[in-house]
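Biologist: I am new to this structure and would like to go through it by question and answer. Please show it first.

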Amino acid sequence: MFLFKSIGTYEAQSVQDGYLNEDGSVSTSTRRGITDFIEVSNISAIRLLSGFASIADAKFTYAVLYDASKNIISAIKYSTALDDLQADIFIPDGVKYIRLTISSKDISAQYSKLNLTSMSEELNKKITIEKVQSVFDGLSDKGKELSLPSIQDGFFNKDGSILPNTSYNRGITDYLDVSTCSSIIIGSGVSSIANGGNAYGCLYDSNKKFIRALIYGKATEIPESTLVSVLDASFIRLILSDKSIDAKVYIGSIKSLISFKDIIQMSIINSLSLPFGKKDNGYLNSDGSIAENTVADRGVTDFIPVEPNSSIYLKSGAFGTPATGNCYGLIYRNDKSVLSVLSDDKSQEIINRKINIPEDGYYVRFTQQDYNIPVIISFGDNLSLSNDCKNKGKSIGVFGGSLSVNPESETAKSIWKKMLGVTVTTYGVGGAGFSSLQGTSIQQQVDGAAVHDIYILWCSTNDYNGNRECGEWSDYTELDSYDESKLVTQCGGINYCIKKLLEKNPKAEIYLFTSLRFFSSEAGYNPFSESTNGTGKTFSYYVEQQKKCCEHYGIPVLDQFNFQCINIFNYTQYYKSDKLHMTEEGYAKIGYQQAQFLANGL
C-alpha cells in the first residue's frame, strides 16, 4: 500500500509580514509572517509540524499552491482558525511551489517533506494516489461530487433525534451509504445548529442505528473542504443550511480496497490519529459487560483491532467510571475474552495515555466520556520526538512559583517525559518570585539545587502582583559590578539565577519560560494595557524585561505570554476559577509546546 515516508525535516522563516488570503494576496499583520516560495515539485506531500497558522480573516487559509511560473493554483484551508496547525498537504501534479502563513513572524516554523513508498502490485492497479490521499487529514483531492437534497424538514439534536424548524428552513438529507469510504469532504450547503448542540449531521451503522452526531465548534455553515472521518460508519445524514438548496459533498472509495487494519497501519507509519465512535450506550464493567447509563451519557466503542506487543496512545475521549473502579477500557484476547482492565486512580477523562498491548492482546474497547464524542487514538509513537533531538534523556531542574509546582503542572511534565525521555526535578515554591523579597525566592531555590543538564526558570506573576520592582536587564550584571542591592528586583533575580546555575554546572543549558497570562484583570492578558501595579509598571513590561535579561546572556526563551494560544474567548476551558492558575487541561495545552521547545532549546 502507499505509505508516506519523511525525507527530511526543515525550518521555514518569515520573509514577509502578513498572512495569505485564499486568492494568494497578502493582508497586513504586525504578528504573522509568510514563508518564501518552497519548491515541492519532486515530493508527494509536506507535513506541517509546528509554527503554522490558519487565519479566520482569510477564510481559514494557511497555504497557497503555485505553478512553475508562480501563478496561484489553489489555496489550502482548515476548518477553523488555529495558531499551531499540524496537517499533511498533498502536492498535486503541476504544483511547483507552496507558501505558508507562519503564526508569528519571529519564530522558525517546522515541516517535513514526504514521499510515497511502494505498494503491492495488486492494490497499485486499483488505487490511485488521489484515492489514497483521502485517508489523510488536510489533503486536497475531493473525490466524486454528489448533490444531496432534503427529504425531511428540521435538524438533528446531538443525541440523534430530529427537532422541528422554528425560525429557519433547515432540512435533512437521506441516508448516504459511506460503507466503502474512509471519509467524505463537505462542499457547501451544510450547517451546524446551536439548538442541536452544534450538530451538523449523524453517523449510523449498517442497520442505520445511530452511532454519534457530528459536532462543529460553533453554529455556522460548515466550511468548504471540511474532512469528515466515517471510518466507523456505514451511513451518514447531514443538515442542510436551506432545505430548498441541495448540499454538495465529495466521496471517495477507500474502505472497499484496503482493510481496516491496513488503514490503522497507515496511521502508524504516518503518525495519524483516528476517531472511534459509539457502538453501545452505557459503560464498560471490568468483566466486559456493559452497564446502563443512570446519570451521564456514556458510550462504549466497538472492538478496535491492535497489534500484540505494541503501544497505542489514547489521545482523548475515554472516561474512568467510578462505579467500575475507574475502569476506562479493556484489552481483549483474539477470541474477544477480557485479558486485562485499564483503570485510572480517579474518575476523569483520560488524555494522552500510553497503553502497552501485551503479547496476547488483539482488541481494545473504551468507555466514552460522552457518547456523541469519539475516542481519539494514535497507533504510532507520535508522543515521542526524534532520537536526534539534542536534549533526549537529559536531567531537568525546574524553578518558579506555584505555576511550576502545582499538582496540575505534572500534566505538562509528563508530556516532556513521554516525548523526550527526560527526568524532571521541581524546586518551585508557591508564591515565589525572582526578587529576593518575594516568598521563598527563586534565588533561594537555585542556591539549594543539585546539578542538572538543563535548568528551567519558569517566570510567575508573583513579582508583578507582589509589587516588587521590575528593574532593568542590566541589574546584577558585569555592567554594575554585580550590585547586590539590585537582587530585590525581578531582573536582578533572573541574572543572579543565570550566574549561579552556570557556576554549579558550566556545561548546563538554561531556558526561560516567560510568565503566562492571567485573567483576573485586564492587565494580565492585554499586552497593550496601560494598567500598572504599585511600582508603576505594566505586566507586559515585566514580561519584556524577562526576555531582555536572557538576550543579554544568549539564553533561549519560550514566550508563553504571547504564544500560549489562550485568551479572553477560551480561558475558562484552561484556567481555574481564580483566573490565575491553570487546570490540567491548560497544562496539557502548553505541555506539547514546551516539549517541542525543550527538545533542542529552540
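Predicted model: local features only at pLDDT ≥ 70, side-chain atom pairs only at ≥ 80, totals over all residues.

Biologist: In which sense do strand S41 and strand S42 pair, and over how many bridges?

Modeller: S41 covers residues 454–458 and S42 covers residues 509–513. Their pairing is parallel, and the number of bridges is five.

Biologist: In what order do the five strands of the open sheet lie, and which are the edge strands?

Modeller: The sheet is open and its pairing is parallel, with the order S40-S39-S41-S42-S43. An edge strand pairs on one side only, and the two that do so are S40 (423–426) and S43 (557–558).

Biologist: What angle does the direction of helix H8 make with that of S41?

Modeller: Helix H8, residues 490–504, packs on the sheet and touches strand S39 (395–400), S41 and S42. Its direction and that of S41 make an angle of about 170°.

Biologist: And what angle does helix H11 make with S42?

Modeller: Helix H11 (residues 584–600) also packs on the sheet, touching S39, S41, S42 and S43. The angle between its direction and that of S42 is about 150°.

Biologist: Which element gives the most residues to the largest nonpolar core?

Modeller: That core has 32 residues, and those touching the most other members are Phe399, Phe434, Ile442, Leu457, Cys497, Leu501 and Ile510. Helix H6 (442–447), S41, H8, S42 and helix H9 (539–553) each supply at least two of its residues. The largest contribution, six residues, is from H8.

Biologist: Which residues does leucine 457 contact, beyond its neighbours within four places in sequence?

Modeller: Several contacts of leucine 457 are also among the core residues with the most partners, including Phe399 and Ile510.

Biologist: How far does H9 reach from its first C-alpha to its last?

Modeller: H9 has 15 residues, for which 21 Å is expected at 1.5 Å a residue. The model is close to that, at 22 Å.

Biologist: What covers the buried residues of H9?

Modeller: The buried residues of H9 are Phe539, Ser540, Tyr542, Val543, Gln545, Gln546, Lys547, Cys549 and Cys550. Their cover includes helix H7 (462–465), H8, S42, S43 and helix H10 (560–563).

Biologist: Is serine 441 buried or exposed?

Modeller: Serine 441 lies in the loop between S40 and H6. Beyond residues up to four places away in sequence, it touches Ala432, Gly433, Ser435 and Ser436. Because its relative accessible area is 1%, and the limit is under 20%, serine 441 counts as buried.

Biologist: Which residue in the turn between S33 and S34 has a positive phi?

Modeller: S33 (residues 327–332) and S34 (residues 338–343) pair in the antiparallel sense over five bridges, and cysteine 327 stands opposite serine 343 in S34. The two strands form a hairpin with five residues between them. The turn residue with a positive phi, about 65°, is lysine 336.

Biologist: How far is tyrosine 332 from isoleucine 304 in space, C-alpha to C-alpha?

Modeller: Tyrosine 332 lies in strand S33 and is buried, at 2% relative accessibility. Its contacts include Leu284, Phe303, Val338 and Tyr363. Isoleucine 304 is 28 residues away from tyrosine 332 in sequence, and the distance in space is 9.6 Å.

Biologist: Is serine 481 buried or exposed?

Modeller: Serine 481 lies in the loop between H7 and H8, and its phi is positive, near 60°. Exposed means over 50% relative accessible area. At 61%, serine 481 is therefore exposed.

Biologist: How does lysine 70 count, by its relative accessibility?

Modeller: Lysine 70 lies in the loop between strand S8 (61–66) and strand S9 (72–77). Its phi is positive, about 65°, although it is not a glycine. Its relative accessibility is 40%, so lysine 70 counts as partly exposed.

Terms used
Residues numbered from 1 in each chain as written. Heavy atoms only, no water. Pairing = 2+ DSSP bridges. Helix = DSSP H or I, 4+ residues; strand = E, 2+ residues; numbered from the N terminus. Contact = heavy atoms within 4.5 Å. Axes fitted to C-alpha atoms, helices over the stretch in contact; angles between N-to-C directions. Core = buried A, V, L, I, M, F, W, Y, C linked by side-chain atoms within 4.5 Å. Buried < 20%, exposed > 50% of the residue type's maximum accessible area, 1.4 Å probe, protein only. Expected span 1.5 Å × (residues − 1).
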